[in-house]
Amino acid sequence: MTHRPGGREMGGYLLLSYGTAWGIWLMCGMMPPGAVTAQLLNTVVMWTPALAVWLMWLAGRRRPVLSFSMRPALRRNWKWYLAAWALSLAAAVLGALLYFGVYPRDFDSTLPALAPMMEQAGISRGTAVSLLLGVLVYGPVINLFFAIGEEIGWRGFLYPALRQRMSTLPACLLVGAIWGLWHTPINLMGHNYGTSYPGFPWLGILGMCLFTTSAGTFLAWLSERSGSLWPTALAHGTINAAAQVALLFRGAEGAVRQIWGPAVTGILAGMPMLVLSAVLLVRKGSWRKSWWSRGSRSPSGRGRSPSRI
């Protein structure tokens, strides 16, 4: 049976996950822009929530703390892996189309960020676009091995811990806000939205919290329906891959509007993800029967054994 984390354990998890990530980002901020070491550390940061869970597990006498399984269960959960990839990609693509529909001058089919490399390698624009489409297939698979580090913390530990104390909606809202604020240092360095948008940095902090709440709700739904963290990690990896591809089609004029899109993290481009999450919340039957109930014993609700960690 999964141990029910207390307030001190949740506080300890937040202190560790915030402290380690913010400490690493502080070091990155002191490095030259584009430094390889900083890029590697930004990847390592994705595993700090998992590190925090592992440390809390050790401190709690190794009692099980994850309510969702760490087993991939590919045969049983194949439809949830497909849903994770397809729904995440659809939300990201629709978001990019929405953004470019509102700001058509920001669209640049010449892929300006890749143009120098394409010219040097002798790659045509059509070939480059084909390669980018391939990135949307294999990129999520690569990304999931990094995204699982965050999912162990946010959906594997914190969401179930809150879900045992409150209903789904407030749990999703609270995890979304906490997850969004966790990104604050890297947003201050211009990672997701740049630094030239009006309202910097407060609008960026708000925009990130809006995105993490909507995306986090979708990821929580995947965790509950599949009973596993791996489909959730695949969705997270798909979102990251699609966001990077969308930015490659942005022209120079769009740099000042990155807070709005075309990446799914933008306020405007994130609207399809927000709609998807709202639909999932309204469809109470797509969650557990105790959707509005409080203090449910197991967040998975599908008779699956929790992870021992």
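Is Ser277 buried or exposed? Ser277 is buried, with a relative accessible area of 2%. This is a predicted model.

**Ser277 and its contacts**
- Ser277 is part of helix 11.
- Residues up to four places away in sequence aside, Ser277 touches Ser214, Ala215, Thr217 and Phe218.
- Ala215 and Phe218 also belong to the contact between helix 9 and helix 10.

**The nonpolar core**
- The largest nonpolar core has 82 residues.
- Leu158 and Phe218 have the most contacts inside this core.
- Helix 6, residues 125-163, supplies the largest share of the core, with 13 residues.
- Beyond its neighbours within four places in sequence, Phe218 is in contact with Ala83, Ala84, Leu87 and Ser88, among others.
- The contacts of Phe218 also include Ala235, Met273, Leu276, Ser277 and Leu280.

**Helix 9 against helix 10**
- Helix 9 covers residues 202-226, and helix 10 covers residues 230-248.
- The two helices pack at an angle of about 150°, and their axes are 8 Å apart.
- Angles over 145 degrees count as roughly antiparallel, so helix 9 and helix 10 are roughly antiparallel to each other.
- The crossing of helix 9 and helix 10 is right-handed.
- Helix 9 makes the contact through Phe211, Ala215, Phe218, Leu219, Leu222, Ser223 and Ser226.
- Helix 10 makes the contact through Pro231, Thr232, Ala235, His236 and Ile239.
- By class, this contact has 8 nonpolar residues, 4 polar residues and no charged residues.

**Trp179 in helix 7**
- Trp179 sits in helix 7, which spans residues 168-182.
- Trp179 counts as buried because its relative accessibility is 3%, and the cut-off for buried is under 20%.
- Residues up to four places away in sequence aside, Trp179 touches Glu150, Trp154 and Arg155, as well as Thr212, Gly216, Leu219 and His236.
- Leu219 of helix 9 and His236 of helix 10 also take part in the contact between those two helices.
- The C-alpha atoms of Trp179 and Thr213 are separated by 8.0 Å, while the two residues are 34 residues apart along the chain.

**Cis peptide bonds**
- The peptide bond from Phe200 to Pro201 is cis, with omega near 0°.
- Pro201 is found in the loop between helix 8, residues 184-188, and helix 9.
- A cis peptide bond also runs from Gly261 to Pro262, with omega near 5°.
- Pro262 is placed in the loop between helix 10 and helix 11, the latter being residues 271-282.

**Positive phi in loops**
- Ala73 is a residue other than glycine, yet its phi is positive, near 45°.
- Ala73 lies in the loop between helix 3, residues 48-59, and helix 4, residues 74-102.
- Ala73 counts as partly exposed because its relative accessibility is 22%.
- Leu111 is not a glycine either, and its phi is positive at about 55°.
- The loop between helix 4 and helix 5, residues 115-121, holds Leu111.
- Leu111 has 0% relative accessibility, so it counts as buried.

Terms used: Residues are numbered from 1 along each chain as its sequence is written. This is a predicted model: local features need pLDDT of at least 70, side-chain atom pairs count only at pLDDT 80 or more; totals for chains, interfaces and linings use all residues. Side-chain values use heavy atoms; hydrogens and water are left out. Axes are lines fitted to C-alpha atoms, for helices over the stretch in contact, and angles run from 0 to 180 degrees between N-to-C directions. Helices (H or I, at least four residues) and strands (E, at least two) are DSSP runs, numbered from the N terminus. Angles under 35 degrees count as roughly parallel, over 145 as roughly antiparallel, 65 to 115 as roughly perpendicular and the rest as oblique. A crossing is left-handed if the near helix is turned anticlockwise from the far one by less than a right angle, and right-handed if clockwise. Contact means heavy atoms within 4.5 Å. Ala, Val, Leu, Ile, Met, Phe, Trp, Tyr, Cys and Pro count as nonpolar, Asp, Glu, Lys and Arg as charged, and the others, Gly among them, as polar. A nonpolar core is a set of buried Ala, Val, Leu, Ile, Met, Phe, Trp, Tyr and Cys residues joined through side-chain atoms within 4.5 Å. Buried means under 20% relative accessible area, exposed over 50%, partly exposed in between (1.4 Å probe, protein chains only).
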